[in-house]
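Some questions follow on how the labels for this structure are assigned. Each answer sets a value against its cut-off.

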Amino acid sequence: MKGFLELLTEINGKVNDFVWVQVGLILLFGTGLLMTIVTRVFQISHLKHWWTKTIAGVFKKDTHKKKDKGSVSQFQALCTALAATIGTGNIAGVAAAIVIGGPGAVFWMWVMAFLGMMTNFSENVLGIYYRRRNKQGEWSGGPMYYLQDGLGKKKGCKGIGKVLAVVFSICAILASFGIGNLGQINKIVINMESAFFKNVNAPTVVGDASLIALIIGLVLMVIAALIIIGGLQRIAAVAERVVPFMAIAYVVGCLVIFFVHIGNVGAIFASIFKFAFGVKAVGGAAVGITLKLVITQGCKRGAFSNEAGLGSSVMVHSNSNVKEPVKQGMWGIFEVFADTMIVCTMTAIVVLSSGAIDLETGLAVEGTKDATLVAQAFGNVFGRPGEWFIAVAMLLFAFTTVLGWSHYGSKAVEYLFGIKAVKGYKVFFVLLIVSGALMTSSIAWDISDTFNGMMMIPNLIGVVVLAPVVVKIVRNYVDRKIKGKDIAPVLSYDETVQKEMEEAVRNGEE
């Protein structure tokens, strides 16, 4: 069995390197750059507009109102998407990127986020434009639909569009079990045991897993069942309450540490830019970090954190009650901004102010463990309660990620097998939570990371091919909403839905 796991790990490592490094990051960077150019740098040129229409309008009733049974509010869609994206990648993932790739990795996170804003924007625009209602009257959208009905309608691409849609859906389901369930639950258990049960000598129940891990897993399974089985409406209701609270609490904690180390802020940001293009060996005593490693870690962890380009969050954004595709696209811009530019940057400041990273050499101090680095940094300032706070933050971040990914997986199952199969998927997904709590090997996490990357390739092919559709929709919106031209809106590829949405827009709904 040990030999099989080693072989599986080796094979997965090679596939993962190909998917993420040799193909994925180039495709991610290229797509983000392309969509930024063809939309005329929308994230900057229309900064005031998208900011006003998203977070600045969060207190408007229209943002929170659900207008029909088959949708969630725009804010709920954002919170559910953020629930799935703001997870362990924002804490442990950022720490790992800095420990492995040096402070310069943060710079490449920012670059990837800036470009990823328009990738996520484009995905959401396409998601709304190509969505349709299922038999229960709920909106269904995502990469599989714009691959099938968008790419698939191109001359000679019907078969290709369908195949890519199926590949995306299969990978999304497998990723939901791993990176959206097993891996997140496992991180919760490790952090909870470390923070609250460090000195408890609990008996083992399965392999090396303790009784405490089993109990935590069972409790999480029951809570998840009550929420997930209730469907998107219940998931969105929980996300709407938990996500803003957990994000604000975490950022406030990071800001306290920021001000405690205010004297080092200059050195921290200097190290980020200084080492953005690699770390050289110092006097032959330190091992240098190559430029490839810095860029790879920053871009990969950034993409892993905000999920721009993976096509996952489109599946919940498409459930929004919004009528204008560009309106939900702008929420996608804010999603990436909040996840990476705010939360990940705060984590980076905490890590770089912890003393675990030498700001002169850019290398991690010997013995530094990225998995517990943020908790250690909080502990240095707040004492033991700081470690407890991070354990609870990881619990909320990771658990809401599980809830969000359960919806992504269910939408992929619905596309492949029909809506009746969704209940079976949800039951299996919930039962799998206990396995995540008892898991001691990282192989499940590593394999799911590969499937996560494999979702990206068909999705980005769809976004690139359908770039002219995005441009058409964006220009139409800008002409109508910003330049004030009296022209017909472009809202859906389906004539019936187009007429329905057009009527709603005429009545003042966006």
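**Labels and their cut-offs**

Q: Which helix gives the most to the lining of the second largest cavity?
A: Helix 7 does, with four residues. The model is predicted: local features need pLDDT of at least 70, side-chain atom pairs count only at pLDDT 80 or more, and totals for chains, interfaces and linings use all residues. Numbering starts from 1 along each chain as its sequence is written, and side-chain values use heavy atoms, without hydrogens and water.

Q: What makes a space a cavity, and how many of 30 Å³ or more are there?
A: A cavity is a set of points on a 1 Å grid over the protein atoms alone, where a 1.4 Å probe fits but cannot get out. By this rule there are three of 30 Å³ or more.

Q: What makes a residue part of the lining of the second largest cavity?
A: A lining residue has an atom within 4 Å of a point. Leu28, Met112, Leu115, Gly116, Thr119, Ala303, Asn306 and Ala308 line this cavity. Helix 7 (104-129) and helix 13 (291-306) each give two or more residues to the lining; helices are DSSP runs (H or I, at least four residues), numbered from the N terminus.

Q: Is Cys344 called buried or exposed, and why?
A: Buried means under 20% relative accessible area, exposed over 50%, partly exposed in between (1.4 Å probe, protein chains only). Cys344 has 2%, so it is buried. Cys171, with 4%, is buried as well.

Q: Why does Pro103 get its accessibility label?
A: Its relative accessibility is 0%, so Pro103 counts as buried. Pro103 sits in the loop between helix 6 (88-101) and helix 7. Its contacts (heavy atoms within 4.5 Å) beyond four places in sequence include Ser271, Phe275 and Leu352.

Q: What makes a set of residues a nonpolar core, and how many residues has the largest?
A: The members are buried Ala, Val, Leu, Ile, Met, Phe, Trp, Tyr and Cys residues joined through side-chain atoms within 4.5 Å. The largest has 92 residues. Helix 15 (residues 325-352) supplies its largest share, 15 residues.

Definitions and conventions:
1 Å grid on protein atoms, 1.4 Å probe; cavity = no way out; pocket = protein on both sides within 12 Å on 5 of 7 lines; lining within 4 Å. Points joined across faces, edges and corners; volume = space filled by probe spheres on them. Contact = heavy atoms within 4.5 Å.
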